[in-house]
Amino acid sequence: MSRIANCFEQLSSTGRKALIPFITAGDPAPAHTVGFMHAMVEAGADIIELGVPFSDPMADGPVIQLACERSLAAGTSLSGVLKMVAEFRQSNSDTPVVLMGYLNPIEAMGYEVFADRCVEVGVDGVLLVDLPPEESGDVAPLFRERHLDLVFLLAPTTSEERVALIAKAGSGYLYYVSLKGVTGAATLDVDSVQAKVDTIRKHTKLPVGVGFGIKDADSAKAVSAVADGVVVGSALVQRIADNQGRPEVISGQLQEVLSAMRQAMDAH
Amino acid sequence: MSDLPDFSSVPDERGHFGIYGGRFVSETLMGALSELEEIYARLKDDAKFRADFDYDLAHYVGRPSPLYFAERLTEKVGGAQIWLKREDLNHTGAHKINNTIGQALLAKHTGKTRVIAETGAGQHGVATATVAARLGMKCVVYMGADDVERQKLNVFRMKLLGAEVVPVTSGSRTLKDAMNEAMRDWVTNVDDTFYIIGTVAGPHPYPMLVRDFQCVIGREARAQSLAQADKLPDALVACVGGGSNAIGLFHPFLNDESVSMYGVEAAGDGIETGRHAAPLAAGRPGVLHGNRTYLMETDDGQIIETHSVSAGLDYPGVGPEHAWLKDTGRVNYVSVTDTEALNAFRELTRVEGIMPALESSHAVAYAEKLAREMPKDKMIVVNLSGRGDKDIHTVASLDHIEV
């Protein structure tokens, strides 16, 4: 069983939901990322989504755009991100790591080389924002052969017909984007999230994570009541932005945000 | 039979031109793109839609645009005849309006009430603000902050037309960043907003439908050549940023084997300096802004900042059909430096009394080179895609003159 499937199964057996933090790898500098990852696991993270920085993050709001700029300015490359995962795996063999980003850096490396490297370093899944299932014909088989999960997005605008298509194409979990907009945008509406998640569940047994608009313990708790996982990104990345140059402060603040979410999500 | 590929076969049903094109966008936009594709498929051969489009082109844009024999320039250059397809004489001063008229008609059919656009030189922004004013639609135009500065005149025109112009300060502060920001707006406001893309790039069906709307240029030029010169041109020349004016001119001639074609990219300070905007000359295939195409990128797949004196060519990608045409060998892609383009700008202005846009000046510059190498009985048609009034500040500041 893959690390991701195993993670969701264990959570499910204890009646808990996955807490899935996102940070941009290499932000504010490549040397700090692995430390942040360990800190987040200590604070209760179940799966880590690690952003691969891109020069043109079209689906991201200003917070993650700036994180990409900081990371690239500090010299982060896709190879560097893979090395970070390898280093993380030296002392953590359980927590799934999903790389999230845009297609072009992966295409530049070469899909097969990338897939091989993912397996070598211990990446569990890949989520490519600008790769819908229709365009994934070259990539998906390479990942499938290597038991790498390909995580797809679902949106409020996704028709039920497409929900069925994406549920079939995806593996690991499905990521429901809770609102129309970029990352870090307004607050989500839990009732409409619930309605959509119900529709998604009609078509799949895969766990459903929900992200975009989750800012604090209250929103994390509300979403965890209707989903299998809660993704939090911009709220964490903002803490990194506010404390550049003080990595120990950043670790503490990431833990503070995540611990509060963890407690709220686990309380009944 | 010839060895030419079947040019009518692209794009395929999923928007692919060979390995290029496609629909690489976040899930939120997939529904809106399918809707646009369906509406366009239904309307493109609809008699009423065609008639509305043709009516607007004739009575609002002022088409057909003339095909003008630049006799004095031809004499001065001393080679093949140089003819200019006068898209600069269109309403709003460039070819961009052909496309915005078409997309505005589509927008009306979707029932959406707000249009957005990205713009580089501001010509597409002006053309979008113009159709929005005419339809009473709200209009927001995204423009790189550097371009807002170098194209002040067009910024003010857009504002007079009632559009909101949003300067984009992220990244390289030019056209690519304006397109990122327009995509972010669209993903947020997809329910009520129609995105009028200005060039033959972006996710399917944009490269196809923008091409179809711009093909009026080549259809007219073909008929005018036959009527005025009693033959087809021997060569076509057009500048290529995203490439909409070039594809508009080239496409109706693709099956005419005797017609050679030259797409002119911006070489900026020179291809060898790295400071240019010529992905077909010096880039490689990758994925950006919804399509696979030639891009200027680092080995790590990060997009490189471009440079051109012309804001409309200052873009690291190019329409996917051009990428495909390059690989098929049907079109030659060449490049012209800032200095060469500025010289052509001055020469055409002084010799013919026609002030070309800096974008179009690239095409003029290459046509002059080409004409010198061709005999006097040959005929070159240059797409004079826009007029140069908007560039007066740029040219004046290069001459250290305050306007």
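This is a predicted model: local features need pLDDT of at least 70, side-chain atom pairs count only at pLDDT 80 or more; totals for chains, interfaces and linings use all residues.

Me: How many cavities of 30 Å³ or more does the count come to?

Reply: The count comes to six cavities of that size.

Me: Which residues lie nearest the centre of the largest cavity?

Reply: They are B:H95, B:K96, B:G312, B:L313 and B:E359, out of a lining of 30 residues. Several elements of chain B give two or more residues to this lining: strand β5 (114–119) and the helices α5 (123–135), α8, α11 (244–250) and α15 (358–372).

Me: And what is the make-up of that lining by class?

Reply: The lining of the largest cavity has 17 polar, nine nonpolar and four charged residues.

Me: Now the second largest cavity, please. How much space lies in it?

Reply: The second largest cavity holds about 100 Å³ of space.

Me: Which residues line the second largest cavity?

Reply: From chain A the lining takes A:M58, A:A59, A:Y102, A:V129 and A:D130. From chain B it takes B:F24, B:V25, B:S26, B:L29, B:M183 and B:V187. By class, the lining of the second largest cavity has nine nonpolar residues, one polar and one charged.

Me: Let us turn to helices. At what angle do the axes of α1 and α8 of chain B cross?

Reply: Two packed helices are described by the angle between their axes and the distance between the axes. In chain B, the axes of helix α1 (residues 27–43) and helix α8 (residues 175–188) cross at roughly 80 degrees and come within 9 Å. Angles of 65 to 115 degrees count as roughly perpendicular, so α1(B) is roughly perpendicular to α8(B).

Me: Which residues meet there?

Reply: On the α1(B) side they are B:T28, B:L29, B:A32 and B:L33, and on the α8(B) side B:M183, B:W186 and B:V187. The residues of this contact divide into six nonpolar, one polar and no charged.

Me: What is A:Q65 in contact with, leaving aside its neighbours within four places in sequence?

Reply: In chain A, A:Q65 is in contact with A:P57 and A:D60. In chain B, its contacts are B:S170, B:E181 and B:R184.

Me: Next, the backbone. Which peptide bond near A:P28 is cis?

Reply: The bond from A:D27 to A:P28 is cis, with omega near 0 degrees. A:P28 is found in the loop between β1 (18–24) and α2 (33–42) of chain A. In chain B, the peptide bond from B:H204 to B:P205 is also cis, with omega near 15 degrees. B:P205 lies in the loop between β8 (193–195) and α9 (206–214) of chain B.

Me: Last topic: what is the phi of A:F212, and what is that of B:T92?

Reply: A:F212 has a positive phi of about 80 degrees, although it is not a glycine. A:F212 sits in the loop between β8 (208–211) and α10 (217–224) of chain A, and it is buried at a relative accessible area of 11%. For B:T92, likewise a residue other than glycine, phi is positive and near 75 degrees. B:T92 lies in the loop between β4 (81–86) and α4 (96–110) of chain B, and B:T92 is buried, with a relative accessible area of 6%.

Methods: Residues are numbered from 1 along each chain as its sequence is written. Chains are lettered from A and ligands numbered from 1 in the order in which they are written. Side-chain values use heavy atoms; hydrogens and water are left out. Contact means heavy atoms within 4.5 Å. Axes are lines fitted to C-alpha atoms, for helices over the stretch in contact, and angles run from 0 to 180 degrees between N-to-C directions. Helices (H or I, at least four residues) and strands (E, at least two) are DSSP runs, numbered from the N terminus. Angles under 35 degrees count as roughly parallel, over 145 as roughly antiparallel, 65 to 115 as roughly perpendicular and the rest as oblique. Ala, Val, Leu, Ile, Met, Phe, Trp, Tyr, Cys and Pro count as nonpolar, Asp, Glu, Lys and Arg as charged, and the others, Gly among them, as polar. On a 1 Å grid over the protein atoms alone, a cavity is a set of points where a 1.4 Å probe fits but cannot get out, and a pocket is an open set with protein on both sides within 12 Å along at least five of seven lines; lining residues have an atom within 4 Å of a point. Grid points are joined across faces, edges and corners, and a volume is the space filled by probe spheres set on the points. Buried means under 20% relative accessible area, exposed over 50%, partly exposed in between (1.4 Å probe, protein chains only).
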